[in-house]
Amino acid sequence: MQAWQVEDEPPPTSTRGRPLSPKGERTRRRLLDASEEVFAELGYHEASIVKITEAAGCSQGTFYIYFEGKQQIFDELVADLNRRVRRAMSEGARQGRTRPESERLGFKGFFRFTAEHPALYRIIRQAEFASPGMLQRHYRTIADGYVGGLRAAMADGEIAQADPEVLAWALMGVGELIGMRWILWKDGPSAVPDQVFEEMYAFILRGLGATVPEASGSNGYEPSGSGADGPEASGSTGTER
């Protein structure tokens, strides 16, 4: 099934445009990972290069070899998280044989990634104020890939005819808020419970006008209101866009 086309990360360079050695690439990666922790914990305005370098275990002078300042590393982090979450969704979705299977598998990939990187939620919300252009780019690249998959499924008669752009944004909203409630919030579990996922999946299928593929197995849970067409969990799960 069609999934997101995830571009490779551009070859990293120093702030002077020089190619990095393998050691330099590892140091740059360490700084990006440290910035993910610091921005998530402190927020953009309270985060500092000092905090990032302390978390990465390197000097401020080293930081400036790879990044010009806090704004640049924040923007690079948003782009990095965006590529990685699209890759996680795509790797799941492309295993689906039908659009319903791809929806399950893609959403599973998304929730798996966000459970491992809950900072994604906090950092993207910070981008609304710290880097509005990166915020729009994050959502648009996800939506653009989603639209192509939905349009193809409509052409194949797998889902009802509708505006694929509207559906893409609606489905993105479902995934983001379900993940925020059951992954990000401290009073909830660290992963989306099976029952919650199945209710969400049944809702999505009804919204798409899709039929559920025959399942080789079942998790023993039939979502409320799903009736004969409810998703008896197949071994697959998620979204392809």
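What pLDDT does the protein average, and what percentage of the residues score at least 70? In this predicted model, the average pLDDT of the protein is 85, and a score of at least 70 is reached by 83% of the residues. When the elements of the protein are considered, the highest mean pLDDT, 97, belongs to helix H2 (residues 49–56), whereas the lowest, 93, belongs to helix H7 (residues 132–155). Residues 215–241, by contrast, have a pLDDT below 50, although this stretch has 87 contacts in the model beyond near neighbours in sequence.

The packing of helices H4 and H5 was examined next. Two packed helices are described by the distance between their axes and by the angle between those axes. For helix H4 (residues 70–93) and helix H5 (residues 99–116), the axes come within 7 Å and cross at roughly 145 degrees, and the crossing of H4 and H5 is right-handed. On the side of H4, the contact is made by Leu81, Arg84, Val85, Ala88, Met89, Gly92 and Ala93, while H5 contributes Ser102, Leu105, Gly106, Gly109, Phe110 and Phe113. By residue class, the contact of H4 with H5 consists of 8 nonpolar, 4 polar and 1 charged residues.

Leaving aside residues up to four places away in sequence, Serine 131 touches Gln71, Phe74, Asp75 and Gln126.

Methods: Residues are numbered from 1 along each chain as its sequence is written. This is a predicted model: local features need pLDDT of at least 70, side-chain atom pairs count only at pLDDT 80 or more; totals for chains, interfaces and linings use all residues. Side-chain values use heavy atoms; hydrogens and water are left out. Axes are lines fitted to C-alpha atoms, for helices over the stretch in contact, and angles run from 0 to 180 degrees between N-to-C directions. Helices (H or I, at least four residues) and strands (E, at least two) are DSSP runs, numbered from the N terminus. A crossing is left-handed if the near helix is turned anticlockwise from the far one by less than a right angle, and right-handed if clockwise. Contact means heavy atoms within 4.5 Å. Ala, Val, Leu, Ile, Met, Phe, Trp, Tyr, Cys and Pro count as nonpolar, Asp, Glu, Lys and Arg as charged, and the others, Gly among them, as polar. pLDDT is the predictor's confidence in each residue, from 0 to 100.
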